Amino acid sequence: MQLVSLNADTLYEYLFERYIGLESNAANLSQDLGIQSRNEAELDIDISPKQVAPAKSGRKTKKVELDEFNFTIKQNLTSLNSNRDNNNSTTGYVLWTTSTFILKWLLYNENAVLFRRGDDRIKSLLQSRQDENERYVLELGTGISPIFPIAISNYVEKYVATDQKDILPRLKFNIQENQAECRRRVLTSESIELDNLKRRTTTECQLDVTVLDWELFKINDKTQHLLLPDGPSHLTIIAMDVIYNEYLVIPFLNTLKSLFTWYKNLGLSVSGLIGIQLRTEEVVRLFLEELIIERNFEVHAVNEPELNSSRFILLHITLP
């Protein structure tokens with residue numbers, strides 16, 4: 001796997017190649033907008049590795065046990081199709097395939113070496129070079145889906161999922177319904193009522209949900225409480241499939257820059273991971289121009305066969 005540096009010169013060539021690749025691979029790719037299901041109010045989602053045929057050489061290889069997850073997710077199809085709910089911002093009421101694809105890639109792809117350490121498949125992405133630091137994830141635009149909050153809570157000390165106010169009740173419900181899928185950690189929370197599930201470990205993850213509206217965002221005393229880590233941490237800001245509308249690009253990036261600047265001024269190590277489904281090229285180009293040229297983020301795109309043959313891109317970002 002390689003990381004492709006995107007700057008004011010290279011971002012256009014990168015986009016051109018990716019969209020040309022979409023055209024050449026169109027017969028193998030779904031042409032829908034990326035909703036997991038428009039018809040099912042309740043989804044059963046399996047997050048597990050692909051079944052690989054055993055090698056014909058007969059040589060024995062060490063079997064690595066990979067974590068698998070099964071989620072039951074309640075969507076809100078009525079709100080998705082409403083022009084009144086949540087100020088007509090309704091995409092967060094359903095699960096999008098970007099999240100399932102990227103999570104599976106992070107957990108199981110052999111080439112995801114940047115994002116794991118040993119058998120702990122997601123650990124190294126969420127850790128600074130100072131390995132003693134705790135790992136803290138802040139997700140922007142989580143929607144109603146618990147798959148990232150629950151799955152990644154297995155590997156980190158703190159996870160905060162955020163979205164607009166009207167989205168949060170369904171997100172909290174889905175986290176409560178799927179909390180048993182966090183098996184490596186004991187979940188604690190200040191914002192969600194969780195069951196006292198028995199675990200074989202005493203290692204904890206604090207999993208919280210809080211309001212973070214990009215168009216209204218401002219760091220203040222109320223915001224700080226849940227957004228701050230408890231001690232020295234490497235913070236990863238995650239956003240999956242939030243780049244689809246040109247009108248959201250500027251509010252999202254203003255919030256992202258404010259958060260990066262705030263955490264860096266507090267002396268924290270911070271990076272970002274952004275997953276995007278390639279729909280309208282003009283929107284993705286606008287996002288990259290604003291991210292790289294106007295806000296001076298350092299951006300690398302993951303260059304890997306499975307990702308490159310999909311409709312998705314994965315960006316790793318830092319702020320020098």
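A: Contact here means heavy atoms within 4.5 Å. Leaving aside residues up to four places away in sequence, Leu 286 touches Glu 246 and Val 249. This is a predicted model, in which local features need pLDDT of at least 70, side-chain atom pairs count only at pLDDT 80 or more, and totals for chains, interfaces and linings use all residues. Residues are numbered from 1 along each chain as its sequence is written, and side-chain values use heavy atoms, with hydrogens and water left out.

Leu 286 belongs to helix α8, which covers residues 281-294. Helices (H or I, at least four residues) and strands (E, at least two) are DSSP runs, numbered from the N terminus. Between the C-alpha atoms of Leu 286 and Glu 246 there are 7.5 Å, while 40 residues separate the two along the chain.

Leu 286 counts as partly exposed because its relative accessible area is 26%.

The chain around this part has nine helices and eleven strands. Of its 320 residues, 52% count as buried. Among contacts between residues at least 6 apart in sequence, 71% join residues at least 24 apart. The accessible surface of the chain, computed by the Shrake-Rupley method with a 1.4 Å probe (for residues, only the protein chains shown count as cover), comes to about 16100 Å², and 45% of that belongs to carbon and sulfur atoms.

Terms used
Buried < 20%, exposed > 50% of the residue type's maximum accessible area, 1.4 Å probe, protein only.
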